[in-house]
Structures are given as C-alpha cells and as structure tokens.
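Good morning, colleagues, and thank you for making time. I would ask you to bring up the sequence and the model, and then we shall go through a few selected places in turn.

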Amino acid sequence: MKPLAQPKEMQLIDKLRSQHQLGERPSVIDALALAKVDDTRELAGLAAELRDQGFANIVTYSRKVFIPLTHLCRDVCHYCTFAQVPRKVRAPYQSIEEILDTARHGAAMGCKEALFTLGEKPELRYKAAREALTEMGFDSTLDYLLHAAQRVFQETGLLPHLNPGTMSLEELERLRPMSPSMGIMIESTAERLCEKGMPHYGSPDKIPALRLKTLADAGTARIPFTTGILIGIGETRAERIESLLAIREIHESHGHVQEIIVQNFRAKPETRMANAPEPDLNELLWTLAVTRILFGPYMSVQAPPNLSPGVLEKIIAAGINDWGGVSPLTPDFVNPEAPWPQLDDLSAQTEAAGKSLHERLTIYPRYAQDLNTWVDPGMVEPILNITDADGFPRTDQWSPGEEIDPPARIIDAISAAPRQVSRDLQAVLSNVESETLLSEAEIIRLFVARGDDFNAVVQAADRLRERVNGNTVSYVVNRNINYTNICYFKCQFCAFSKGKLSENLRGRPYDLSHEEIQRRTSEAWARGATEVCMQGGIHPEYTGNTYLEILRAVKEAVPDMHIHAFSPLEVWQGAATLDMDLVSYLRAAKEAGLGTLPGTAAEILDDEIRQIICADKINTDQWLEVMRAAHEVGFRTTATIMYGHVERPEHWARHLIRVRDLQRESGGFTEFVPLPFVHMEAPMYLKGKARKGPTFREAVLMHAVARLSLHPHITNIQSSWVKMGHAGVVASLNAGCNDLGGTLMNESISRAAGTSHGQETSPQRMAEMINNANRTPRQRNTLYRDVSSERINRGLLAGELLEIVNTPPEKRGQKRKGELLRPGLIQAVSAD
C-alpha cells in the first residue's frame, strides 16, 4: 500500500466519507474518479469504517458442498480449467447417485448449501451432452439441473444455490422453486474483452449485455442473487468501476443483489492465459475497498479465502464481510489448485483481524428475514426451521422446552473475556452505565451482538445485575391454576386453548368448578405456597362476574393466599362484558381479592406482529391501557415478552421501549419476564409459518438486553425454568437475571405447547439451580418481600401433589348475552 495520498485524492475520500455519513452513495462521476486514487491504505480505511457500520464484528461464510453438474460448456474463456471437452471427462454429467452421495456426506458434516456449478448450455455445442440428456430423459441442462436440485433438497435438506450462467426470465422463474438463491458473475462489462485475442473471445455467454440482462431478470423474478467481478484479466481500474456501477444500477432497481464477489484471476496451466500476470495484492485490496465504497455499509462484499492464502487479515482490513462458500468435503472445482482453508484456520485468521467468523445460509440474512417476498412458498417452512431472528442459520439443536443441553460454545462465551469489542457497541454500553435511555437502534445493536460482542453484552448485564441485586436470586412458591382451556380467540402460538373455535384440539376441554379451584388453593397453601397464579382461556360464556366469583372462591378457601391473576385480555373482556370502564372493574376485582396482575398477553407489543400471531386479541395500545389502569388502581403487575416466532430484533426493541416508557410513567411493574416461544404444538409452527423458538444465544441475549435497556426502571429480570430448562436458567442467571419465578406445582400452558421441563420445581431444586450459579437463594412473595419461616418450612416438607381433576365443561345456568368480543379486530362476533 502506498503510504500517502495526494491532496486531491484525500479531498475525494473525505467527500465520499461525508456522503456516506449522510446516507448517500458516490455519484457516477465520483466513482469513476476513484480510478485515479492510488492510496489503497486510505481507501481501505474508509471501506473498513463502512463495513463495520453494516456488519460490526462479523465475517460470514457458507458451509457448502460443491457439485459440478457438468464440466462441458459452450464457452471457451481463456483462463478457465473448469470447462472441458467431452473426450476429457468421464461422463458428460454427474449422475443423480453421485450428486446425492456428495450431498448426503456434506449434510452429515453440517453443510447447509449445495452449490451447483456447471458449464453454460453445453448441449448447444456438444452432441455428447445432447445424447446424455436424452438418455436421462431431459430436454436441456437446465431441466436436469432443476431435477438434481429438487432431489438434493428433498433428500438431504441442503439448500441449492444455482450458477447455470445466462438465463431468460422464464428460465429463472422455472428454477426459483428449488433455489433460494442463484448467481452469475458479471466478471466485466468491458466489451473489448470479448474481442479477438481477449479472454472472452469465442464465448457467446460472456457478452456483458446478456449477463446484465440475466442479473436484471433475476431481480424481476425476486431471486436473491450473487454476482461480482473477476479482476486481472486485462481490464482497467476504470472498467472495474464501470462494471460495479452497472451492477449497482440494477440492484437499486430491484434490491436483490445479496453479495458482490471480487475474485482475483489465477493463472492456470494448459490455458491460453497460463503465462498472464496475476493481479498483485495491492490491486486486490484496492478493488475490494472501492467495491465497499461504491455499495456502502450494507452490501456484502466477498473475497474467496482460498485464492489469497496468508493475507486474509489484510483482505478483512480492506472492507470485506464475507468469505463465500467453504467446503469441508469438496474442492473448489473452478480453482482446483487452491484448496479451501480449514474452518478452524479460517476462524483463527478472522479473529486475528479482530472479527468473528459466523456461518450463514446461501440466502443472506436480510433476505431470509423476508421469505415471503424472496423465496418460493415451498421454501419458506424449511428455511424458517433452520434460521434465527436475524436470518442466520441455527447452529445447534436447542429449542425452548426440549430436553436438550444448551450449546457449550454459548455457555463458555457467557464467561469468556471478550478479546475485542466493536466501538459502536462500547458506546451503547457506556450509555447504559450513565443511565441514558437507549434508542430503538441501540437496543437492536445489543440484540444482534455476536462473537466477542455477545460476550460483552452478556457480561455487562451480569455486572449490572450484581450492582443492583447483589448475588441473591429469588423465587416464589406458588401454584398455577388454569381454570379453563376453552377459548374463542385464535392465537396462532397457543396450543393450550380448546373448543370448536380454537386452532388446536390437543387434550380435552375443561372448565374448573369452584370446588376444584378451592381444593387446589388449599393444597397449595398446605405445601407452603404464598401465591396462586390464575389465568385461562377466554371462555365464550364468561363475564366479568365469572372472574370476580373465582376470586371470592379462592379467598373463601384460603383468606391469606395472594392472588396473582388475569391477563390484560381477561381484564379487558371482563370489563367489557359488564359495560364497565377498566378502572372501575379493576377496583371491583381488588375488592374481591385480586392482589396483582400478570403481564401476559403482551406477546410482542407491536401491531405488525400481533396482526400475524393474535389478530383478534387486544392490540398494543389496549394492553398498555389495561396495565396503566391497573397501576392507577394501585396494583403491581409483571411484564412479559413472548419471542422467537415471526418477529425480528426491531420488534423486541420496540416492545422493551413501550414497557420501559410505561414504567417510567407509572412505576407499577415488579419484574420483566422473557417467555421464549415453545414451538412443538403451536398452530403457526405446525402450519410452517414460524421459527422453532429462539436460539439459545437469542434467549440469553433477551434476558441480558432486558436488564440493560430497562435499567434503572425495572430491576428484576426473571427466567422461566419451564421454557429455558434448568441448565438454561443457570446460564440466564449469569446474563442479568436475578429471579426464577414460581415453583408452579401445575403448569399447563407450556406443557400443552410441548415443553418437557416438568410441571413443578420444588424449593429444594430451585435452591440447587441457584447454588449451581454460585448465588444465594431467597424465597420471596409476589411483591418481592420476605416470607415467614412457617411458609418456608411448609414448602420444604411438602409431599406429593394429589392428582388434579379437570372438571369437564357444563352448560352454565345463564348463557352470556350479546356478542363475543374481539378487541384486536375492533369488531364483534355473534356468540350464537
């Protein structure tokens, strides 16, 4: 790299820096002027700034298998050894058996992508190709490619990425159902490279206009697309920039280009360019930096790591954020002389450059977050099943509620000292320390933390927890009483509700008698409980009086039992059925014995998501209105979030901000409770419309980010052992949590959704989990006050629970009049 830029060069670089700060990309004139800027060091400095803005500390790769469908090609590029003539290949095409064998081995090694590379339209040049296709029963190479991709996807689960070259719009649309991403290297838009004596002479598919037309048609077809340039084949710097600008113009029209590859020419024996000079390292770094500057912070820029061994740190410093596909199984058939780096070595070299290596899919994260737009409907469910909220692949088997140990790498990262933390993240954490209210963008930044940034977020939350709560971890001995599972709402995440209007008829419907509610309450008191937590479905015949009668029944059985009951939806429905305002109804509930309210039914406090998962339920403003009214009446309540289904980090951030803002106004929340989505029996998961709950990384971060973003307004962060499991709870205690909630005795809702973590955790087991995290256990009551030694001893001596009796539903003496309330739809449905 040249050490000093000339004044005019620095003026241009400073101008471009200022434009990017305003969200502007370089103009065509300024872009072309870069061809005369020789100071690679200054260009790389700006490129690295932009890259960090868009991708922070992450450099990605795709774990793939390389499937060369055919080495025959009608083109004769002068630098290529991939393309062969029929006499030099064992068979014109790989057989399906060979392809599947490679794909199965790759899947067993953790690969998620099947990269199909092939020569362009060989049947138009070679009789051997035509005869082979006819023998296999196909009309064209593209027909066989589609069949092979379908077999690989259906039989191994690998996601096909197809690179068949130039295609028409109709051909692209035909391949789209079996390929969540495709690609074509533009290589160069310099037409002179197709002239006699130049590398693309005699290659009809390398005419720039044809390749650009394919790229544009891919945008019309809504296909996430890979493209890029090949440098060092006789083009000038200005021509490289012109090629990049042509790609940028098409991308700005369609938004479908997911990465730009800058591939450096490698001279190969037995080619016409065997003795051609290769571009030096400075030329590669210059081009990478210019590519980043032209496309800005959020475009993925890739350099194949096998083509530049030993200088990967310098390549990262030039602004890339992706290494492309790397295979643990198959060679790079296009550059067979350049073996893939071992993934451990690639990770080590990436870390040496201050970045963290992270796997991605063949479809890039921002496109995987919007599958309904960018992939065929048949691909939506399979991709949802293997992605997280950021669109990255799930890299372990953990899901909430399943008896699977949390991934060791995340457990280790919670306590491992970060080597290097991104500067922008350090600024966010500093704002937490100064108790500055975090913005939506800052909270999102915490949620997307990976690698060393993840360690930093989690450890900052843990330090804050220690400062605020000390080393004490609290829990409450309570009993869940779900008084009915009959519900007329159609929440897409719920496997608990039953009845003819529910989405999932798992188990028998019930409606507990007052006698059974009282029996469970008395039994809970005898076993040391200080609280009953009561919620249920919204029974179509319930009125507000029903809930008041339940409260009186509990108080009649055990006057000293604290009642923690009724979600904001139940409160809204109860008040509406009696034609009462919220405050008046809540006062009536208080008089009947209600002590506190659970902040459930919050799900995600963002109506974009509520419209998908619970469209007829109370909306965001209505949930907040109930909580505000409860706080006004003098109730303390909890607040929850149910996450890991269809939402994204921005929705998590908005949820936390809305809870925080109400707490600043009313001060009524006692704790914040993250509830990870349990997917196994949830209707929207079974319909292929939701993810498999949060990843363990996301679950840990939810607790940590809640601690950081709600501070100092909400000081108790709770972990749900029912959903996180006992090992997950211990991890969350090291990520900002200070409370484990209740022992429950009976847990029905998460069990109905498929969790395997049991229905009760005894006080002894609670203490064991807390001790395992090197903390001090403390039994509390609902309001976080101490409980009597009599209650503690009763809990420690508790015997086995009697078998519960779920009273079958009976016709009520007087059917509720009027219409079924569906506040989220702002309309009513007849109860008849």
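Let us begin with Gly 667. Once its neighbours within four places in sequence are set aside, Gly 667 is in contact with Arg 636 and Leu 662. Please bear in mind throughout that this is a predicted model. Gly 667 sits in the loop between helix 26 and strand 15, the latter spanning 669–676. Its relative accessible area is 34%, so Gly 667 is partly exposed. There is also a pairing across the sequence: His 631 is 36 residues away from Gly 667 along the chain, yet the two C-alpha atoms are 7.7 Å apart in space.

At the other end of helix 26 we come to Glu 647, in the loop between strand 14 (637–643) and helix 26 (649–666). Is Glu 647 buried or exposed? Its relative accessibility is 0%, and because buried means under 20%, Glu 647 counts as buried. Leaving aside neighbours within four places in sequence, the contacts of Glu 647 are Ala 389, Ile 604, Ile 609, Trp 652 and Arg 691.

The crossing of helix 3 past helix 10 is left-handed. From helix 3, the contact is made by Thr 40, Leu 43, Ala 44, Leu 46, Ala 47, Leu 50, Arg 51 and Phe 55, and from helix 10 by Asn 282, Leu 285, Trp 286, Ala 289, Val 290, Arg 292 and Ile 293.

Next, helix 17 and helix 18. Their packing angle is about 115°, with the axes 10 Å apart, and the crossing is left-handed. Helix 17 contributes Asp 424, Leu 425, Val 428, Leu 429 and Asn 431 to the contact, while helix 18 contributes Glu 442, Arg 445 and Leu 446. By class, the contact of helix 17 with helix 18 has 4 nonpolar, 1 polar and 3 charged residues.

The loop joining these two helices deserves a word. Glu 435 is found there, between helix 17 (423–433) and helix 18 (440–447). Although Glu 435 is not a glycine, it has a positive phi of about 60°. Glu 435 counts as partly exposed, at 44% relative accessibility.

A further positive phi in a residue other than glycine occurs at Asp 579, where the value is near 55°. Asp 579 is placed in the loop between helix 22 (568–577) and helix 23 (582–592). With a relative accessible area of 73%, Asp 579 is exposed.

Which hand does the crossing of helix 28 past helix 29 have? It is right-handed. On the side of helix 28 the contact is made by Phe 696, Ala 699 and His 703, and on the side of helix 29 by Met 724, Gly 728, Ala 731 and Ser 732. The contact of helix 28 with helix 29 comprises 4 nonpolar and 3 polar residues, with no charged ones.

The loop between helix 28 and helix 29 contains Pro 712. The peptide bond leading from His 711 to Pro 712 is cis, with omega near 0°.

Finally, please look at Glu 790, in helix 32, which covers residues 789–796. At 39% relative accessibility, Glu 790 counts as partly exposed. Where sequence separation is concerned, Glu 790 and Gly 528 are 262 residues apart along the chain, while their C-alpha atoms are separated by 7.9 Å.

Notes. Residues are numbered from 1 along each chain as its sequence is written. This is a predicted model: local features need pLDDT of at least 70, side-chain atom pairs count only at pLDDT 80 or more; totals for chains, interfaces and linings use all residues. Side-chain values use heavy atoms; hydrogens and water are left out. Helices (H or I, at least four residues) and strands (E, at least two) are DSSP runs, numbered from the N terminus. Buried means under 20% relative accessible area, exposed over 50%, partly exposed in between (1.4 Å probe, protein chains only). Contact means heavy atoms within 4.5 Å. A crossing is left-handed if the near helix is turned anticlockwise from the far one by less than a right angle, and right-handed if clockwise. Ala, Val, Leu, Ile, Met, Phe, Trp, Tyr, Cys and Pro count as nonpolar, Asp, Glu, Lys and Arg as charged, and the others, Gly among them, as polar. Axes are lines fitted to C-alpha atoms, for helices over the stretch in contact, and angles run from 0 to 180 degrees between N-to-C directions.
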